[in-house]
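The notes below record what I found for each.

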Amino acid sequence: MRIRVVAPGRLGESEADAWRALRAKSGAPGNPFMEPEFARAVGRVRPAARVAVITEAREGADWTEGPGAAVEPAGFFPFEADPLGRGRALGLGVSDSQGAVLRPGLRLAADELLRACSLAAWEFDNLEEGQTSFMAGAADAFESPVVDVGNGFAAYEAALRERSPTFYRTTTAKERRLGRQVGEVRFVFDERDPAVLAKLMEWKSAQYRRTGRRDRFAKEWIRDLVRLLAGTRSPGCSGVLSVLYAADRPIAAHFGLRSRTVLSCWFPAYDTGFAKYSPGLVLHLRMARAAAAEGIGMLDLGRGAAEYKDSLKTGGLTVYEGAVVRPGPRAALYRLSREPGRRVHGFVRDRPELASLARRTLNQIGRVRAR
């Protein structure tokens, strides 16, 4: 087995094809964050982005054909690293599915991989299930709620009516009232207007500030990444901007990534002037209907607790947060810098009263910022 490290943009097309084929064989959900297109996009806005390309001898290889013909890709490991060797998942903070793409059955020790990548540690916050090489470093597990529309939207809608009748009845009634009081309601699943994408980012930034959260769109690289992905069109990873209009005015929007089978929900937001109509909820139901019509079987709502996710979800995936760390002095420095904060966060999260107080405090901070 050999491991070489390259920038995502240096991957050859044959290697990208091998990445896609290995991912398809893994049996994991077709999450677009795990595709080479996402790695290449991050590589264009994050100079420290890298991919470890793992190769091994091809079964029955004829070495007389040359060493290049005798090896084949066995895995890909996307990551970012700083000059001190501290690694992190590619796009950490915005990527909703993380890990390595490996040949089924390939056993790869995390220490071996990190050594080849010159990493003292590798941090993750949305490690997908089945990533056995890294599970020893998992400190916390979280649910990533999903909406299963694999049997069609009608089946999902019927189950939603039964499971959450008040939610369904109220949301659909608000949509009808929106049409009567504001104007014709129209939905576009895959909008291409950059002005609407800019409006969505504006709404989302305001939401972050209003709720006391860190504004992701204050970072130039995240804004650039979203714009790049909005123009990406690939079967495994395409940007999708979905928009709810009322009287031809955008009032709610969502930007996410889709593969053939999964829509990864990423950045939803709405115009607060229309809050009484719950346009975000109307948007998500419209998205579920459109996704099912497109042959998409699952909407991944992403890690994080939210009332609307509880109402919409049919189940959940499990993702993990933590880090794998190689023994040594740099590992000790990593633990000193990261573990205390993670422990405090976990302590608060596991105590509902403290978590509620933290949310109220963040909201108060947001109101102060908005003045």
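**Entry on the model.** I am working with a predicted model.

I looked up the second largest pocket and noted a space of about 370 Å³. I then asked which elements give two or more residues to its lining. I found helix 1 (13–26) and strand 5 (101–102). Of the elements, helix 1 gives the most to this lining, with four residues. In total, 20 residues line the second largest pocket. Nearest its centre I recorded Leu102, Arg103, Gly130, Gln131 and Thr132. Sorting the lining by class, I noted eight nonpolar residues, six polar and six charged.

**Entry on the helix pair.** I next looked up how helix 2 (residues 36–45) packs with helix 7 (residues 220–230). The angle is about 140°, and the axes lie 9 Å apart. I classed helix 2 as oblique to helix 7 because of that angle, as only angles over 145 degrees count as roughly antiparallel.

**Entry on the contact.** Which residues make the contact between these helices? From helix 2 I listed Phe38, Ala41, Val42, Arg44 and Val45. From helix 7 I listed Trp221, Asp224, Leu225, Leu228 and Leu229. By class, the contact of helix 2 with helix 7 has eight nonpolar residues and two charged ones, with no polar residue.

Key: Residues are numbered from 1 along each chain as its sequence is written. This is a predicted model: local features need pLDDT of at least 70, side-chain atom pairs count only at pLDDT 80 or more; totals for chains, interfaces and linings use all residues. Side-chain values use heavy atoms; hydrogens and water are left out. On a 1 Å grid over the protein atoms alone, a cavity is a set of points where a 1.4 Å probe fits but cannot get out, and a pocket is an open set with protein on both sides within 12 Å along at least five of seven lines; lining residues have an atom within 4 Å of a point. Grid points are joined across faces, edges and corners, and a volume is the space filled by probe spheres set on the points. Ala, Val, Leu, Ile, Met, Phe, Trp, Tyr, Cys and Pro count as nonpolar, Asp, Glu, Lys and Arg as charged, and the others, Gly among them, as polar. Axes are lines fitted to C-alpha atoms, for helices over the stretch in contact, and angles run from 0 to 180 degrees between N-to-C directions. Angles under 35 degrees count as roughly parallel, over 145 as roughly antiparallel, 65 to 115 as roughly perpendicular and the rest as oblique. Contact means heavy atoms within 4.5 Å.
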